[in-house]
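Student: Could you walk me through this one? I have not looked at it before, so please start with a single spot and then widen the view.

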Amino acid sequence: MTEEHVILVNEKDEQIGLMPKLEAHEKGVLHRAFSVFVFNNDNELMLQQRALDKYHTPGLWTNTCCSHQREGESNVEAGRRRLQEEMGFVTAIEESTSFVYKSPFENGLTEHEYDHILIGYFSGEPDINPEEVADWKWMSLDAVKADIKLHPELYTSWFKIIFDKFYDYINIS
């Protein structure tokens with residue numbers, strides 16, 4: 001099996017190279033990523049709990065899905081692909097905003113990403129991939145915001161950053 005590569009970018013999101021995903025996280029180099037937020041008809045957000053054997057942030061709650069674009073793949077194409085791979089469904093998604101963050105983890109890896117936020121709508125039940133996702137649930141944004149305040153340790157760093165800095169971009173109600 002071929003090792004997955006990430007797209008290295010500069011602060012303007014211009015591609016400057018490729019690197020194996022694990023190496024990029026070991027070195028903490030800036031690379032392109034995306035975070036998908038899917039809402040239902042009640043404006044609740046679909047959260048996923050990361051699989052318990054993920055190499056970083058296992059078991060933490062986060063947005064509907066997230067990953068890295070492949071070379072030549074648009075942000076939306078990547079989001080739709082990964083939504084199918086992780087959550088077992090596809091829906092229309094569109095770009096909302098983007099930001100750069102850096103977050104070191106206890107295991108020595110570092111996420112340093114130019115993250116594109118993608119928004120979509122779906123009111124069915126996902127068919128989760130247990131290699132990627134341990135559980136899922138719908139929550140209102142107000143409930144998520146309150147729970148992050150009470151239990152920040154239960155959520156991924158990028159998800160908390162998005163809620164702190166980009167709430168207006170994902171608050172669709």
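Tutor: Let us begin with Asn43, which is partly exposed, its relative accessible area being 30%. Please keep in mind that this is a predicted model.

Student: Okay, and where does Asn43 sit in the chain?

Tutor: Asn43 lies in the loop that joins strand 3, residues 31-39, to strand 4, residues 44-50.

Student: What is its backbone like, I mean the phi of Asn43?

Tutor: The phi of Asn43 is near 60°, which is a positive value in a residue other than glycine. As background, most residues other than glycine have a negative phi.

Student: Which loop holds Thr57, and what is the phi there?

Tutor: Thr57 is in the loop between strand 4 and strand 5, the latter covering residues 61-62, and the phi of Thr57 is near 50°, again a positive value in a residue that is not glycine.

Student: And is Thr57 buried or exposed?

Tutor: Thr57 is buried, with a relative accessible area of 10%, whereas Asn43 is partly exposed at 30%.

Student: Switching topic: which residues of helix 3 are buried?

Tutor: Helix 3 spans residues 141-150, and its buried residues are Leu141, Val144, Asp147 and Ile148. Viewed down the axis of helix 3, these buried residues fall within an arc of 125°, so they line one face of the helix.

Student: What is on the other side of helix 3, then?

Tutor: On that other side, Asp142, Lys149 and Leu150 are exposed.

Student: Let's zoom out. How many helices and strands does the protein chain have?

Tutor: The protein chain has five helices and nine strands, and, read from the N terminus, the elements follow the order β-β-α-β-β-β-β-α-β-β-β-α-α-α. With a radius of gyration of 15 Å, close to the 16 Å that the globule rule gives for 173 residues, the protein chain is as compact as a globular protein of that length.

Student: Last one: what about the surface and the charges?

Tutor: The accessible surface of the protein chain is about 8500 Å², and 47% of that belongs to carbon and sulfur atoms.

Note on methods: Residues are numbered from 1 along each chain as its sequence is written. This is a predicted model: local features need pLDDT of at least 70, side-chain atom pairs count only at pLDDT 80 or more; totals for chains, interfaces and linings use all residues. Side-chain values use heavy atoms; hydrogens and water are left out. Helices (H or I, at least four residues) and strands (E, at least two) are DSSP runs, numbered from the N terminus. The radius of gyration is taken over C-alpha atoms; the globule rule is 2.2 Å times the number of residues to the power 0.38. Accessible areas come from the Shrake-Rupley method with a 1.4 Å probe; for residues, only the protein chains shown count as cover. Buried means under 20% relative accessible area, exposed over 50%, partly exposed in between (1.4 Å probe, protein chains only). The arc is that of the directions from the helix axis to the C-beta atoms.
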